[in-house]
Amino acid sequence: MSTLPVISCCRPLSALALSSDEVAATARVFKALGDPARVRILNLLATTDGPVCVCNLTEPLGLSQPTVSHHMKKLADAGLLTREQRGVWAYYSLDPEAVAQLRAVVELGMVDR
């Protein structure tokens, strides 16, 4: 089975037929979102203007810097975040295209037949 870019390959769950690759990629996105800390991270990023440094997420999350970095990597690997290196710190933002794609993926309207 080939590997597709995670978020960019996902079609709406209401699509008539999803390929095995699309199903696997969609599952990886949901797996990345399957941790409460990661959902909280997305919430913090969605409610903050501009990129956020990992160092600014440790206190609100109540997690150590290595743990926050681990979660950020999982979300970035799923295609949900963009990463910008500034010196020794990494700054993250929600990827607007990925957010739009995720919104489309979870669209569960009735399927036209």
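Student: Which backbone nitrogen does the side chain of D95 reach?

Tutor: That of E97, at 2.9 Å. A polar contact is a pair of N or O atoms within 3.5 Å; within protein, one must be able to donate a hydrogen and the other to accept it, and residues adjacent in sequence count only if both atoms are side-chain atoms. Here a side-chain oxygen of D95 caps the N-terminal end of α5. Keep in mind that this is a predicted model: local features need pLDDT of at least 70, side-chain atom pairs count only at pLDDT 80 or more, and totals for chains, interfaces and linings use all residues. Residues are numbered from 1 along each chain as its sequence is written, and side-chain values use heavy atoms, with hydrogens and water left out.

Student: Where is D95 found?

Tutor: In the loop between β3 and α5. Element names follow DSSP runs, numbered from the N terminus: helices are H or I runs of at least four residues, strands are E runs of at least two.

Student: Which residues does D95 touch, leaving out those up to four places away in sequence?

Tutor: G79, L80, L81 and T82. Read contact as heavy atoms within 4.5 Å.

Student: Now α5 itself. Which of its residues are buried?

Tutor: A98, L102 and V105, in a helix that covers residues 96-105. Buried means under 20% relative accessible area, exposed over 50%, and partly exposed in between, with a 1.4 Å probe and protein chains only. Down the axis of α5, the buried residues fall within an arc of 60°, so they line one face. That arc is taken from the directions from the helix axis to the C-beta atoms. The cover over these buried residues includes α1.

Student: Which exposed residues sit on the face of α5 turned away from its buried side?

Tutor: P96, E97 and R103.

Student: How far does α4 reach from its first C-alpha to its last?

Tutor: 18 Å, for the 13 residues 65-77, close to the 18 Å expected at 1.5 Å a residue. The expected span is 1.5 Å times one less than the number of residues. Just after α4, G79 takes a positive phi of about 85°.

Student: Is K74 buried, partly exposed or exposed?

Tutor: Partly exposed, at a relative accessible area of 39%. K74 belongs to α4. Beyond four places away in sequence, K74 touches A32 and R38. K74 and L33 lie 41 residues apart in sequence, yet their C-alpha atoms are 9.0 Å apart.

Student: On to the sheet. What is the strand order?

Tutor: First, the idea. Strands of a sheet pair through backbone hydrogen bonds, either parallel or antiparallel. A pair is counted if DSSP finds at least two bridges between the strands. This open sheet has three strands in the order β1-β3-β2, with antiparallel pairing. β1 (52-53) and β2 stand at the edges with a single partner strand each, so one side of each lacks a neighbour in the sheet.

Student: How many bridges join β1 to β3?

Tutor: Two. C53 stands opposite Y91 in β3.

Student: And how many bridges pair β2 and β3?

Tutor: Six, in the antiparallel sense. These strands form a hairpin with two residues between them, and G87 in the turn has a positive phi of about 65°. Within this pairing, T82 has S93 as its bridge partner in β3.

Student: Is S93 buried or exposed?

Tutor: Buried, with a relative accessible area of 19%. Beyond four places away in sequence, S93 touches G50, P51, L80, L81 and T82.

Student: Now the whole chain. What pattern does it follow along the sequence?

Tutor: α-α-β-α-α-β-β-α. That comes to five helices and three strands. Of the 113 residues, 34% are buried. Among contacts between residues at least 6 apart in sequence, 53% join residues at least 24 apart.
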